[in-house]
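Have a go at each task before reading its solution.

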Amino acid sequence: MSKANQAIWYEIYGGRYISDDPFFFDEKDFEWTQTLKDNWHIIRDEMLALLQEHPEKLKPYFSKNLVFPPKHWKTTGFFFWNWRLHKNCRRCPKTTAILESIPNLTGGNLSILEPGANINPHQGDTNAHVKVHIGLSIPKGLPDCGFQVGDEIRGWKEGELLLFCDAHRHTAWNHSDERRLVFIIDVIRPEFAHKKQSICVNVLATSMLQLLYQNVSWLNRLPGKTHHVLHFLIRNVLRLVLPIQNKLRLL
């Protein structure tokens with residue numbers, strides 16, 4: 001399938017992602033990567049300051065089944081599919097300014113993998129974006145600390161980027177005795193940029209639905225069609241709410 005005609009794939013609809021998309025993208029194909037490489041130390045310094053001053057902002061990743069031991073993958077966010085976390089953005093104004101300079105950025109968060117932790121193989125939400133890891137504090141290289149997409153394995157390096165297709169199955173591990181810190185951003189691929197709002201509300205609705213099913217156990221006993229009806233309703237509410245939430249800087 002040519003890139004011009006490639007369809008957007010969503011994990012919510014099920015099935016394994018099969019495509020000729022590479023596991024890792026070449027950073028030279030995206031002009032904005034240089035901005036991240038030039039300013040990675042600014043992001044690192046603000047993240048370390050945030051962790052020192054507000055350690056309570058770091059939370060275990062919301063999907064409980066993805067990491068072992070439990071709660072050893074922790075994050076704090078700034079943008080999540082265009083949903084703006086205003087308080088964190090205000091606390092880290094330099095990082096926020098860097099993120100806002102990236103065209104079609106939809107996500108930005110600090111990701112910490114504790115010592116001895118493994119993130120289980122999983123697919124991302126969609127093929128519509130490039131996911132980027134910026135190495136901030138990397139305790140060891142391969143084979144102790146690494147990342148695999150498909151059948152390709154790479155290690156992180158401080159100040160360097162890993163760009164990959166989130167829809168392919170991927171996994172990560174930190175078998176060192178120190179925390180691994182990377183900053184993750186999501187950028188809509190150029191061929192899908194005209195559908196940015198639709199992509200964001202689709203994936204946001206999926207994440208909200210996952211949380212709902214985790215916290216309201218009886219929903220899992222309802223017919224499968226209920227899942228799609230709820231997703232449709234949440235998605236359409238978000239179409240109205242998301243533009244407003246992004247602008248309400250007091251929240």
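**Exercise 1.** At what angle do helix α4 and helix α5 pack, and how far apart are their axes?

*Solution.* First, a word on the source: this is a predicted model, where local features need pLDDT of at least 70, side-chain atom pairs count only at pLDDT 80 or more, and totals for chains, interfaces and linings use all residues. Residues are numbered from 1 along each chain as its sequence is written, and side-chain values use heavy atoms, with hydrogens and water left out.

Step one: find α4 at residues 196-215 and α5 at residues 224-247 (helices are DSSP runs of H or I, at least four residues; strands are runs of E, at least two; both are numbered from the N terminus).

Step two: the packing angle comes out at about 125°, with the axes 8 Å apart (axes are lines fitted to C-alpha atoms over the stretch in contact, and angles run from 0 to 180 degrees between N-to-C directions).

Step three: α4 and α5 are therefore oblique to each other (under 35 degrees is roughly parallel, over 145 roughly antiparallel, 65 to 115 roughly perpendicular, and the rest oblique).

**Exercise 2.** Which loop holds Lys71?

*Solution.* Look between β2 and β3. Lys71 isn't a glycine, yet has a positive phi of about 65°.
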